[in-house]
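This briefing concerns a single structure and is arranged by topic. Please consult the sequence and the model alongside the points below.

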Amino acid sequence: VAHCKGFFFCGQEPFVADEYIERLAWRTPGGGSRGGEAFDPKRLLEEFVNHIQELQVMDERIQRKVEKLEQQCQKEAKEFAKKVQELQKSNQVAFQHFQELDEHISYVATKVCHLGDQLEGVNTPRQRAVEAQKLMKYFNEFLDGELKSDVFTNSEKIKEAADIIQKLHLIAQELPFDSLMGFCCYPLSSPGKYHDLECQLIQEFTSAQRRGEISRMREVAAVLLHFKGYSHCVDVYIKQCQEGAFLRNDVFEDAAILCQRVNKQVGEIFSNPETVLAKLIQNIFEVKLQSYVKDQLEEHRKSDAEQYLKNLYDLYTRTTNLSSKLMEFNLGTDKQTFLSKLIKAIFISYLENYIEVEIGYLKSRSAMILQRYYDSKNHQKRSIGTGGIQDLKERLRQRTNLPLGPSIDTHGETFLSQEVVVNLLQETKQAFERCHRLSDPSDLPKNAFRIFSMLVEFLCTEHIDYALETGLAGIPSSDSKNANLYFLDVVHQANTIFHLFDKQFNDHLMPLISSSPKLSECLQKKKDIIEQMEVKLDMGIDTLNCMIGQMKHILAAEQKKTDFKPEDENNVLIQYTNACVKVCGYVRKQVEKIRNSMDGKNVDTVLMEFGVRFHRLIYEHLQQYSYSCMGGMLAICDVAEYRKCAKDFKIALVLQLFDTLHALCNLLVVAPDNLKQVCSGEQLANLDKNILHSFVQLRVDYRSARLARHFS
């Protein structure tokens, strides 16, 4: 077993002697590992000895195999090393041959270059001499006046003829005319033949363009590149490109399509495609677009300002959009400046006085919208106060001149129209859009401010402010019966309109002036408008006097003296008086109306003022009657109902006042012995004693000695 320790079987787990012996004993009969089987040590020993012998034989066999493999490996290693040495020697020989070949190639190449230089030195003068000879031959033909060479008579060789004439023309121009040679060469230096050939080339280019032969056009253009008429060739190309290109009504779309088509083609024809394309675009702008814009604008320039401004905005927008599309093409280095100059050249005469036309149109259009509205109402506008904010505040402080002039009956008309406001805001919105597009960037804030001033004048002053003034003038006096309080309707509509005005201020004006000094001016102007309107709304607080007056009429008409001093104390069937029911119903309607007419802090301010006046009215009203015990209970019920109504105000001060009034009414029914205790309660302890006394005096039994003694 000791010889087998550490032995591995191929493909199995590492050999563990203890486990192996245990398995061997288990398999051997008499090994003692199986239950119920007698242990036979001799048999087990015999099995172990036999197995050890088998393992030894196996070990010897494997060892011989290992030795054989090792010998074979050593032999192959020696053969491989020998083969590698042979390959190294062969590589060294090949490398030496390569170096020798490289040196030989370098030597031959040097010889070839030298030979080439010598051949070029000989061939170049020879070629020049041949060319000079040919030129002299052609020169003689020109002197004789008979062009016999095939290059001049064959129309298919016009390219070669052009090259020859161009060279002869340049030579002739360099010779002085007063010399004999110069005199003889005059026919070549004169524009005759040169011009004729130039015309032939341009005609050939034109014909090739009509046939759509791009390759022929490219050849002729390359020849004409050295002629003076090359620019004329470009002009002909541009002219023919535009033939049939502007057949639809949309000249801008036609121009874009034409430029896209030419952009794909021009690079295949001309050596300077960006210059040709730029010249085409310049021609389109200066001829087609300028003529089209002039026809569209001059028709309405003096007769119809609205249509003129719409056309100007539309044409300028479409032109700039076309320019944006053309920016995709290669037009040279500074294509942005190039296109901007073209646009400016078309519109400069119209943009110089644009804002004056805009303001004039906006003024007349706004005035017409307002006048049409007032005419539909059969209303003749009256003059209104023109004082500033300080004057309004002074009138508010003194509460004089309210209403402004004689009171007028508006018949329930607020003189505010959502349709008018929408029309004015729409006109101004379009004006802001045109201003943004058509104004020079340096003039944009100033022009936007002028448009804003027009909006303020006609929307805020001529419409909202006039409606407020008219509403103030229509406020009835406090002693009017059945007065209709339309001023709150005016306030409600004015508030809604001003929100629309403020939205346009933020959405359309602010982006135009946000980074300029005009921003502060606009904000200040808006602030002044708001303050002026708030002052007039404060002046309209007199509407509350009318409300209180209406409530007084209700109380005077509905409240009876017998309500609080019934003839039959034991037969009172009502929970609260009819006057209380009608007053509470009226108050709830007015509270709802105030909430619907105003927003923000204005609601709480007006409701607080209304609630305080409501409390004062009820307080003074209760002071007018004498109260029996049952009448006092009814008064408490009335005040409890008034207090419920006061909760609708959602103003803490108003509710506190009615809580105190309710506590005061308890003095009308409390037993004489408890008067002092009630008066020292939490709600009445801080009140003036005269107020408490005034309520106690309203009791029917006040003059009794007992009550007077308890209260003193």
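The UniProt annotation "coiled-coil region", from an unreviewed entry, covers residues 52-90; such annotations may be inferred rather than shown by experiment, and their positions are given in the numbering used here. In this predicted model, local features need pLDDT of at least 70 and side-chain atom pairs count only at pLDDT 80 or more, while totals for chains, interfaces and linings use all residues. Residues are numbered from 1 along each chain as its sequence is written, and side-chain values use heavy atoms, with hydrogens and water left out.

**Annotated span**
- Residues 52-90 are 100% helix and 0% strand, with end C-alpha atoms 57 Å apart; helices are DSSP runs of H or I, at least four residues, and strands are runs of E, at least two, numbered from the N terminus.

- Not counting residues up to four places away in sequence, F270 is in contact (heavy atoms within 4.5 Å) with F205, A221, Y230, C233, V234, Y237 and V276.

**Helix α9**
- The buried residues of α9 include Y230, C233, V234 and Y237; buried means under 20% relative accessible area, exposed over 50%, and partly exposed in between (1.4 Å probe, protein chains only).

**Positive phi**
- N378, not a glycine, has a positive phi of about 55° and is exposed, with a relative accessible area of 75%.
- K650, also not a glycine, has a positive phi of about 55° and lies in the loop between α23 (629-647) and α24 (652-665).
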